[in-house]
Amino acid sequence: SAAKVGHITVDVTRKTISWLLPVSKNDAGAHGVSRVHGCACDPGIPTSSRLCPFHVMRALLCLLRSHFGQAYMSNPNSPLFPRADGAILSKANSIATIHWVLEHVKIPLVRTVEGVPIQRFGGHALRVAGAQWMSSRGISIFVIQLLGRWGSSAIWRYIQDAPAALIPAVAKAVINDAHKELSR
């Protein structure tokens, strides 16, 4: 909710976006850090622009411009993820939006543990899901920590089960390596 339009710099020539992340738990002085993301589109995958950080950010900025106008976009303090009226989206509103999306794609919001209902998604849902998704794809824990700006071991709690998605590939690699060795 603290992200502002002025935190984003788009370089259309290089097809990169730079996102200033001004505050975090690990940056008590609020000196900020920037992350640069380039176009990740694959010409062989027509839908790859849906996940491409460069194209998704450009689409968001175009949406904001068309909805709120150029004056909104010219104000560096305009929220990057605003409410419908252009005001800052609160954490509670953000969580409600996440819940709305999850409900509409039929993902249960509550699980029952020993007869007690427990909320599955809170304020860190996107950070947790992103870390789990990257980990399940074999992305190094160090890269995930860098992207998420985790300076503690808290990330291990988020991704503890995610590498299990790699187990079938691990077994296949081990079997293939064993077969190669036995064939020599």
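Biologist: Let's start with the cysteines. How many disulfides are there in this structure?

Modeller: First the general idea: a disulfide is a covalent bond joining the sulfur atoms of two cysteines. In this predicted model, the count comes to 0 disulfides.

Biologist: Thanks! Now the aromatic rings. How do I read a pair of them?

Modeller: You describe a pair of aromatic rings by two things, the distance of the centres and the angle of the planes. Here the count comes to 3 aromatic pairs. One of them joins Trp-19 and Phe-81, with 6.2 Å from centre to centre and 40° between the planes, and this pair is tilted.

Biologist: Where do Trp-19 and Phe-81 lie?

Modeller: Trp-19 is in strand S2 (residues 16-21), while Phe-81 is in the loop between helix H2 (70-74) and H3, so the pair ties together parts that are 62 residues apart in sequence. Trp-19 is partly exposed, with a relative accessible area of 21%, and Phe-81 is also partly exposed, at 37%.

Biologist: And why does the pair of Trp-150 and Tyr-158 count as edge-to-face?

Modeller: Their ring planes meet at 65°, so the pair is edge-to-face, and the centres are 5.8 Å apart. Planes count as edge-to-face when the angle is over 60 degrees. Both Trp-150 and Tyr-158 are buried.

Biologist: Which residue lies over the face of Trp-150?

Modeller: That is Arg-127, placed 4.2 Å from the ring centre.

Biologist: Let's turn to charges. How many salt bridges does the structure have?

Modeller: The general idea is that side chains of opposite charge can pair when their charged atoms come close. Searching the whole structure gives 2 salt bridges. Arg-14 pairs with Asp-11, and their closest N and O atoms are 3.6 Å apart. Asp-85 and Arg-83 meet in a salt bridge at 2.5 Å, N to O.

Biologist: What about nonpolar side chains on the surface? Which residues form a nonpolar patch there?

Modeller: Trp-100, Val-101, Val-105 and Ile-107 do, and together they have about 360 Å² of accessible area. Ile-107 sits in the loop between helix H3 (91-104) and strand S4 (110-113), and at 32% relative accessibility Ile-107 is partly exposed.

Biologist: One last residue, please. Where is Val-5 found?

Modeller: Look at the segment before strand S1 (8-11). Val-5 is buried, with a relative accessible area of 8%. If you trace the chain from Val-5 to Ser-48, they are 43 residues apart, and their C-alpha atoms are separated by 24 Å.

Key:
Residues numbered from 1 in each chain as written. Predicted model: local features only at pLDDT ≥ 70, side-chain atom pairs only at ≥ 80, totals over all residues. Heavy atoms only, no water. Patch = residues over 30% accessible without salt bridge, like charges linked within 9 Å, V, L, I, M, F, W, Y side chains within 5 Å. Areas by Shrake-Rupley, 256 points an atom, 1.4 Å probe, with all protein chains shown as cover. Salt bridge = Lys/Arg side-chain N within 4 Å of Asp/Glu carboxyl O. Helix = DSSP H or I, 4+ residues; strand = E, 2+ residues; numbered from the N terminus. Buried < 20%, exposed > 50% of the residue type's maximum accessible area, 1.4 Å probe, protein only. Disulfide = S-S within 2.5 Å. Phe/Tyr/Trp six-rings, centres within 6.5 Å; stacked < 30°, edge-to-face > 60°. Lys NZ or Arg CZ within 6 Å of the ring centre and 35° of its normal.
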